[in-house]
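Take a walk through the model below.

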Amino acid sequence: MLDLFLNATLMTLGLALSSLVLGMILAGLLALGELSRFRLLRYLTISWVTLVRGLPEILVVFFIYFGVTHLLFLLTDEFIEISPFTAGTVALSLIFSAYASQTLRGAFMAVPRGQSEAAKALGISSVRCFYRVVLPQAWRHALPGLGNQWLVLLKDTALVALIGVTDLLRQAQLLSSKTYEPFTWYATAGAIYLVITLISQHCLDKMKQKTSQHIRTVDV
Amino acid sequence: MGIIVEGLSKAFGSTKVLKNISFTIPRGETTVLLGASGAGKSTLLRMLNLLETPDKGTMSIADMAFNFNDSHNSRQLNKQACALRRKVGMVFQQYNLWPHMTVLGNLIEAPVVQGMPKEQATTKARELLERVGLSEKADAWPSSLSGGQQQRVAIARSLMLSPDVLLFDEPTAALDPAITNQVVEVIRELSHSGITQVVVTHEVEFARKIASKVIYLEDGHIVEDGSSDHFAHPRTEAFRRYLEH
């Protein structure tokens, strides 16, 4: 039993972390797209974000898993199977990135213009200015929102149980139907989600302290 | 050679902010640009390091010449602007120190990017901090400094690249009058070192204390242009009235 749950926990974490990495990259691109000077790019990104945010999460998961397989079949006339894990990761990162891009966009806009102007006035290139001056400050603004979305993502991984990934929820389901002890197994799964959340919370607090070290604090 | 500006014009949309501005500033002078808000003095200052691009005119500053009358390609202008800004420093009203870097980090960022070895940049930064009277603050965060101290750090930061020209955009507008004198002292000290300074302000008292030359703007035109004795003997009625408020 224990090793089954251990594997399921690793599966959930694997899904959540790989979606987080992929999702953050996508979110960064989407945020930059929305802030771009090029109107077409701006409109395309805004439409895409609106679309993904407008659909139920489970629909995105189904669409990626079943829809894309079907699409590939129509296009290539061959049946190409996507693993549920891959489909789940892609779907979750699409969902995560749509929401996180809004947090990032707000964070970029919260950095005063004068900050990059000062860099410009010292002959620092705009790329260098972006990752030395704007990004570290935007990160501080984005962290609370992104932390929230990470917790939502963690629990959204349970949706992937429906396309057959043996994650925590699915494992609990399998064991309860086998042993007729649903309370025990669902409660176990719940406890594990909670523990991961608490650990995340702790890490987020540490990160927040690190990003706020330059803000003056008054010791009483 | 100092700064030579001829026929500079700039419009934002349909609002003409600067109309055919021409002036000359000899090397080593401390020039004050005076005028009411909306007179165009900040825009003019920002043009001197190309944070704003003029619509028309020519400009010669820090041994670089620019002609805005021809259609110019923006990429090339960008590149030239980058080179220009290394010779023309700027100090802002809101200091614009980078809050996530220490005072020392703020100072060495630009020179290190531009290839100065870190040890050399650090030595230079400590010398400059001493010059503005803040040598003990090297490892402090900007947010722990007072406004006057932050502005002096900002001045030191812009001096790190050893600019030929230093521009000040309302450097004391966010400071209380007692603190303003700290900035006055730094500017006076710098004027002895032969650097050309251009200061935008609307505070006449502050202007009197630092200026060796004054340019008074009204509604996008230069109304008065002369040495600092114009404060005592204004040539135009408009400038005399401005000084009386």
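What volume does the second largest cavity have? The model is a predicted one, and in it this cavity has a volume of about 30 Å³. A search of the whole structure finds 2 cavities of 30 Å³ or more.

Look at what lines the second largest cavity. Chain A gives Ala118(A) and Leu122(A). Chain B gives Met90(B), Phe92(B), Ala154(B), Arg157(B) and Ser158(B). So residues of both chains line this cavity, given that a lining residue has an atom within 4 Å of a cavity point. H5(B) gives the most to the lining, with 3 residues. By class, the lining has 5 nonpolar residues, 1 polar and 1 charged. Arg157(B) is the charged one, because Arg counts as charged.

Now turn to the interface. On the chain B side, 25 residues are in contact with 19 residues of chain A. The size of an interface is often given as the accessible area lost when the parts come together. Here the area buried between chain B and chain A is about 2000 Å². Carbon and sulfur atoms give 59% of that area.

Polar groups take part as well. Between chain B and chain A, 11 residue pairs are in polar contact, with both residues at pLDDT 80 or more. Which elements of chain B supply at least two residues each to the side that touches chain A? They are helix H2 (74-85), strand E6 (88-91), helix H3 (103-113) and helix H5 (147-159). The largest share, 3 residues, comes from H3(B). By class, this side of chain B has 13 nonpolar, 7 polar and 5 charged residues.

Charged pairs also cross the interface. The rule finds 3 salt bridges between chain B and chain A. One of them joins the side chains of Glu109(B) and Arg132(A), at 2.7 Å from N to O. Glu109(B) lies within the span of helix H3 (103-113) of chain B.

Finally, step back to the whole structure. Over all chains, the search finds 14 salt bridges. Among them is a pair within chain B: the side chains of Asp219(B) and Lys19(B) meet at 3.5 Å, N to O. This pair links distant parts of the chain, 200 residues apart. Asp219(B) sits in the loop between strand E9 (213-218) and strand E10 (221-227). Lys19(B) is in strand E2 (residues 15-25).

Conventions. Residues numbered from 1 in each chain as written. Chains lettered and ligands numbered in written order. Predicted model: local features only at pLDDT ≥ 70, side-chain atom pairs only at ≥ 80, totals over all residues. Heavy atoms only, no water. Contact = heavy atoms within 4.5 Å. Buried area = accessible area lost by both parts, 1.4 Å probe. Salt bridge = Lys/Arg side-chain N within 4 Å of Asp/Glu carboxyl O. Polar contact = N/O pair within 3.5 Å; in protein donor to acceptor, adjacent residues only side chain to side chain. Helix = DSSP H or I, 4+ residues; strand = E, 2+ residues; numbered from the N terminus. 1 Å grid on protein atoms, 1.4 Å probe; cavity = no way out; pocket = protein on both sides within 12 Å on 5 of 7 lines; lining within 4 Å. Points joined across faces, edges and corners; volume = space filled by probe spheres on them.
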